[in-house]
Every structure is written in C-alpha cells, then in structure tokens.
Amino acid sequence: MAKKAKGKTVSNDHRFLLAEIFSEVESTPGTAAWFDIIFDWYGETLKMDGYDDCVMGISHQFNKTTILYDKNKVIAKLAKEMLEPYRKGGPSLVERKDQASDDALEWFEFNMIGAWMGEGTPSFFTRS
C-alpha cells in the first residue's frame, strides 16, 4: 500500500529512500532543511514553534506520521523558561528550580500532551 503526500508516492518500505534523501542534503532532525523534507513528504505533520532543538525524528503509526520530540528536552526547556520569573527574589534557588520544574511538567501535560491538533499532532518520546 502506498501513501500519497504532496504528489509523491511513498511505499511502505520507504525508510531507505528517506535515508538517502536525508544524507544527500546532510539534514539532521530539527533543521530547516529537515523540516522542508518532512513537510514535503508528510505535509500533514505539525511542528511546535521554538522546540526545533528537541526534535528526535519522525514517528510512524499505521497511516499516521508525526514529528517526534524528546519529552525530557521539551520539559527542561520549559522549566528554564519558567525559572525566569522566579529569579527576581523570594525563595531559595533550589525552591525556585523545583517550582519551575513542577510548573513545566504541569504545562507540558496539559498543553502539549493534552493538545490534539489533528492527525499531524506531534508525538513525544520518553526515556525510561
């Protein structure tokens, strides 16, 4: 069975073709060239703005392809951003970091994992 994406036919065993294309443009996940290839082949995928450095690759499931993000990197980036308001004083740095980490995890679970934007909604990889 083949999948049609933006005028190109992609076979079930297309990973070798994609690997060849990626190596030709020397593209690594999260770069502009990489996103160009992904959007060209899988136009229905969505990306999260500001998290290009957290991209691991693509995820395939049955007839769905999504951009795969590293959950730990996303949460760490959120925590760093959320620590900024706590830098102005108040509790100790350890308490502020803990609060920012808690806030980041809550934001991630509700607004990122909990968001459904259609078939192209990004997926997340968790290391155990």
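Mentor: Two strands are said to pair if DSSP finds at least two bridges between them. Strands (E, at least two residues) and helices (H or I, at least four) are DSSP runs, numbered from the N terminus. The model is predicted: local features need pLDDT of at least 70, side-chain atom pairs count only at pLDDT 80 or more, and totals for chains, interfaces and linings use all residues. Residues are numbered from 1 along each chain as its sequence is written, and side-chain values use heavy atoms, with hydrogens and water left out.

The chain has 4 helices and 5 strands, in the sequence pattern β-β-α-α-β-β-α-α-β. The part in question is an open sheet of 3 strands in the order E3-E4-E5, with mixed pairing. E3 and strand E5 (123-125) are the edge strands, each pairing on one side only. On average, neighbouring strands of this sheet are turned by 40° against each other, direction ignored. Such angles are taken between N-to-C directions, from 0 to 180 degrees, with axes fitted as lines to C-alpha atoms, for helices over the stretch in contact.

Strand E3 (residues 55-61) pairs with E4 in the antiparallel sense over 6 bridges. Across this pair, Gly57 stands opposite Leu68 in E4, and Ser59 has Thr66 of E4 as its bridge partner. The hairpin of E3 and E4 has 2 residues between the strands, and Phe62 there takes a positive phi near 45°.

Thr65 lies in strand E4 (residues 64-70). Its relative accessibility is 4%, so Thr65 counts as buried; buried means under 20% relative accessible area, exposed over 50%, and partly exposed in between (1.4 Å probe, protein chains only). The side chains of Thr65 and His60 are joined by a polar contact of 3.2 Å. A polar contact is a pair of N or O atoms within 3.5 Å; within protein, one must be able to donate a hydrogen and the other to accept it, and residues adjacent in sequence count only if both atoms are side-chain atoms.

Now the helices. Helix H3 (residues 71-83) lies across E4 and E5, at about 55° to E4; contact means heavy atoms within 4.5 Å. In helix H2 (residues 32-41), the buried residues are Trp34, Phe35, Ile37, Ile38 and Trp41. Seen down the axis of H2, these fall within an arc of 160°, so they line one face of the helix; the arc is that of the directions from the helix axis to the C-beta atoms. Ala32 and Asp36, on the other side of H2, are exposed.
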